[in-house]
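Dear colleague,

Please find below the structure that I am handing over to you. I would ask you to keep it open while you read the notes that come after it.

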Amino acid sequence: MRSESATPGRLPAAVLAILVHVVFFALLVYSINWKTHAPEPVMVELWQPPVATSSRSVPEPKPRIEKQSKPEPVVPNPDIALAEKKRKLAEQKAREAEQLAQQQAEQKIAEQKLAEQKLAEQKLKRQQEQQKQAAQQLAEQKVAQQKIEQQKLEQQKKQAALRQMITQQSQNEFNAESARSLTSSRQAALASKQAAEQSTMRAQYQDKIKAKIRSKIILPDSLQGNPQARFEVSVLPTGDVVHVKLLRPSGQPAYDSAVERAILKASPLPMPPDAALVNEFRDLDLKFAPNEH
């Protein structure tokens, strides 16, 4: 009996033998597969050299006519022909129906597309019309706004012009009123001055008239007391006495007569230079008394 330690190279030999068998088996399989591949097609191009032309004509070979045997006529079976005819007719009707259905479907699709196109065109037209109306409304609103602003501006101008006119009119009225007040004041002052001057002049000439008449009075010797006589004397603008009337006698006729004679002697009487006062002196109301000063 041999021990395992007596055969030390036995295991590697077995492994090597197994590897050799595996490689051999792989080569065998590969060779079988390689043999089973179909051969690839080979393209071959045939080439014929050009025929040399010669002046000598070569007769063409006559075609070989082969005799063909005429087929024997086949007698159709009427039932089969009728069935075939019906089948073809049914197929034709089916094709026509299919074509008609297809045409109707295509026409329906075309009509649908046309309707959709019309709807799209109508929608586009409506949108364009709406945009146009919106633009027109916007333009009209703009014009109206401009018109309103223009009217406001014109109204403001008119109001400004009216205020200016009222102010100017008020100023003119104030100036006119001031002028009238000044004129009235001046006229009043002038009238007052004239009235005062006329009053003074009236008193002065009444005194002058009475002084001139008194200077002409010759008192009677029978005079008693201080009698007073009142006369109305009418004179011309020149001062000439034209009428003397005793309005109220003094109670002493001699004194009344002496005064009347003195009035006549004093003619012409002194008259004021103012024409307005001359009219006042046309009819004088004079009173005389001996002790009057």
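The notes below describe what was found in this structure.

This is a predicted model, in which local features need pLDDT of at least 70 and side-chain atom pairs count only at pLDDT 80 or more, while totals for chains, interfaces and linings use all residues. Residues are numbered from 1 along each chain as its sequence is written, and side-chain values use heavy atoms, with hydrogens and water left out.

Confidence in the model

The predictor's confidence in each residue is given as pLDDT, on a scale from 0 to 100. For this chain the mean pLDDT is 84, and 81% of the residues reach 70 or more. A contact means heavy atoms within 4.5 Å.

Salt bridges

A salt bridge is a side-chain nitrogen of Lys or Arg within 4 Å of a carboxyl oxygen of Asp or Glu. By this rule the count comes to 5 salt bridges.

One of the salt bridges joins Glu 84 and Arg 87, with the closest N and O atoms 2.0 Å apart. Both residues lie in helix H2 (residues 78-215), 3 residues apart, which is about one turn of the helix. Glu 84 has a relative accessible area of 30% and is therefore partly exposed; the term covers values between buried (under 20%) and exposed (over 50%), with a 1.4 Å probe and protein chains only. Arg 87 is also partly exposed, at 37% relative accessibility.

Glu 177 and Arg 180 form another salt bridge, their closest N and O atoms being 2.6 Å apart. These two residues are separated by about one helical turn because they are 3 residues apart in helix H2. Glu 177 counts as partly exposed at 39% relative accessibility, and Arg 180 is partly exposed at 47%.

Which parts of the chain does the pair of Arg 230 and Asp 285 link? The side chains of Arg 230 and Asp 285 meet in a salt bridge (2.6 Å, N to O). This pair links distant parts of the chain, as Arg 230 is in strand E1 (residues 229-235) and Asp 285 is in strand E3 (residues 283-288), 55 residues apart. Arg 230 is partly exposed, with a relative accessible area of 28%, and Asp 285 is partly exposed, with 42%. Elsewhere, salt bridges that share partners join Glu 84, Arg 87 and Glu 91 into one network.

A buried charge

Asp 256 lies in helix H3 (residues 253-266). Asp 256 is buried yet has no salt bridge, and Arg 248, the nearest side chain of opposite charge, is 9.2 Å away. For charges, Lys and Arg count as positive and Asp and Glu as negative, while His and the chain ends are not counted. Leaving aside residues up to four places away in sequence, Asp 256 touches Ala 229, Phe 231, Leu 246, Pro 249, Ser 250 and Gly 251.

A cis peptide bond

Ser 267 and Pro 268 are joined by a cis peptide bond, with omega about 0 degrees. Pro 268 is found in the loop between H3 and helix H4 (275-280).

Yours sincerely

Key: Helix = DSSP H or I, 4+ residues; strand = E, 2+ residues; numbered from the N terminus.
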